[in-house]
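I set out to record what I looked up in this model, entry by entry. The notes follow the order in which I consulted the coordinates.

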Amino acid sequence: MAGFDVIDFLQSLAERAVEIFDVDAAGIVLADPRGTLTLVAASSEEVRLLELFQLQEEEGACLDCYRSGTAVTCADLSTDPARWPRFSAAAITLGFSAVHAFPLRLRDQVLGAIGLFNAAPRELSEDTTTVAQALADVATIGILNERTLREHQVVTEQLHFALNSRVLLEQAKGMLAERARIDVGQAFAVLRKYARDHNRTLTSVAQELIDNRAGMTDLIAVAAGKRIAESG
């Protein structure tokens, strides 16, 4: 799909999910062609760290959700610590007590999962879980558009692109944060605003920053200005 920025789409989806479902955070993981999950979107730095920990430890709700292709919920992580002992401990340390994961699924094909996190223990109503799964289904269709449904190779390339783009973005965030002396969350916000203001994709801006191409000094200046304004 021409002009379709997968990373920006999924990041917006994670942010909107927090608003729609009145949860504290959301994260999205996608699988590469070998079935290895990678974090592609997170609504906060805390949930980003938790999702990365989950993938590293190969334990948690989103992994179980992806593997089973069905929703996985836990309203209170402290009541069932044996279910995911390392993940639960990390979640509670990062300020989360409840997790609900929904598969990014179309028919029998599961692309990944979206996780919803709450600071306080919380059950989700039947209506909420229905809508959450519907949102996950819409996200799947957004990735597997009509042309990619007919062309498996296009699907593979698009997912490869999304995963590689996230790697570039993480590198660019780290570089910008270090150079401008801001945190990675602020660096991401600066990168995203710059891309939108200049009608660019996040991936292309991240690549130019990593390559230190001309014009990126403006981005560093914007980031530095943000730090100065906030410190003032």
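This is a predicted model: local features need pLDDT of at least 70, side-chain atom pairs count only at pLDDT 80 or more; totals for chains, interfaces and linings use all residues.

**Entry 1. Gln-133**

I looked up Gln-133 and found it in helix H5, which spans residues 126–143. Is Gln-133 buried or exposed? Its relative accessibility is 13%, and the limit for burial is under 20%, so Gln-133 counts as buried. I then asked what the side chain of Gln-133 reaches. I found the backbone oxygen of Pro-103, at 3.0 Å. Setting aside neighbours within four places in sequence, I list Phe-102, Pro-103 and Arg-105 as the residues in contact with Gln-133.

**Entry 2. Helix H5 against helix H1**

I stayed with H5 and examined how H1 (residues 6–21) lies against it. The two axes come within 12 Å and cross at roughly 170 degrees. An angle over 145 degrees counts as roughly antiparallel, and I therefore record H1 and H5 as roughly antiparallel to each other. On the H1 side, I noted Phe-9, Leu-10, Leu-13, Ala-17 and Phe-21 as the residues making the contact. On the H5 side, they are Thr-128, Val-131, Ala-132, Leu-135, Ala-139, Gly-142 and Ile-143. Sorted by class, the contact of H1 with H5 has 10 nonpolar residues, 2 polar ones and no charged ones.

**Entry 3. Helix H2 against helix H3**

Next I took up helix H2 (residues 45–57) and helix H3 (residues 61–68). Their axes are 9 Å apart, and the helices pack at an angle of about 60 degrees. H2 and H3 are therefore oblique to each other. I found that H2 contributes Glu-51, Gln-54 and Leu-55 to the contact, while H3 contributes Ala-61, Cys-62 and Leu-63. By class, I record 4 nonpolar residues, 1 polar and 1 charged in the contact of H2 with H3.

**Entry 4. Aromatic pairs**

How many aromatic pairs does the structure hold? I found 2. In one of them, the ring centres of Trp-84 and Phe-87 are 5.8 Å apart and the planes stand at 90 degrees, so I class the pair as edge-to-face. Both Trp-84 and Phe-87 are buried.

Phe-96 and Phe-117 also form a pair, with 5.5 Å from centre to centre and 50 degrees between the planes, which is tilted. I checked where the partners lie: Phe-96 is in the loop between helix H4 (85–93) and strand S4 (98–106), and Phe-117 is in strand S5 (residues 109–118), so the pair ties together parts that are 21 residues apart in sequence. Phe-96 counts as buried at 5% relative accessibility, and Phe-117 counts as buried at 1%.

**Entry 5. Positive phi values**

I then turned to backbone torsions. Most residues other than glycine have a negative phi. I noted that Asp-22, although not a glycine, has a positive phi of about 55 degrees. Asp-22 sits in the loop between H1 and strand S1 (25–31), and its relative accessible area of 60% makes it exposed.

Arg-107, also a residue other than glycine, has a positive phi near 55 degrees. I located Arg-107 in the loop between S4 and S5. At 68% relative accessibility, Arg-107 counts as exposed.

For helix H9 itself (residues 202–211), I listed the buried residues as Leu-202, Thr-203, Val-205, Ala-206, Glu-208 and Leu-209.

**Entry 6. Ala-189**

I looked up Ala-189 in helix H8 (residues 184–197). With a relative accessible area of 37%, Ala-189 is partly exposed. I also computed its separation from Lys-173, which is 16 residues away along the chain: the C-alpha atoms are separated by 9.3 Å.

**Entry 7. The chain as a whole**

To finish, I consulted the totals. The protein chain has 10 helices and 5 strands. Of its 232 residues, 50% count as buried. Among contacts with a separation of 6 or more, I noted that 60% are between residues 24 or more positions apart.

Key
Residues are numbered from 1 along each chain as its sequence is written. Side-chain values use heavy atoms; hydrogens and water are left out. Rings of Phe, Tyr and Trp (its six-membered ring) pair if their centres lie within 6.5 Å; planes under 30 degrees apart count as stacked, over 60 as edge-to-face and the rest as tilted. Buried means under 20% relative accessible area, exposed over 50%, partly exposed in between (1.4 Å probe, protein chains only). Helices (H or I, at least four residues) and strands (E, at least two) are DSSP runs, numbered from the N terminus. A polar contact is a pair of N or O atoms within 3.5 Å; within protein, one must be able to donate a hydrogen and the other to accept it, and residues adjacent in sequence count only if both atoms are side-chain atoms. Contact means heavy atoms within 4.5 Å. Axes are lines fitted to C-alpha atoms, for helices over the stretch in contact, and angles run from 0 to 180 degrees between N-to-C directions. Angles under 35 degrees count as roughly parallel, over 145 as roughly antiparallel, 65 to 115 as roughly perpendicular and the rest as oblique. Ala, Val, Leu, Ile, Met, Phe, Trp, Tyr, Cys and Pro count as nonpolar, Asp, Glu, Lys and Arg as charged, and the others, Gly among them, as polar.
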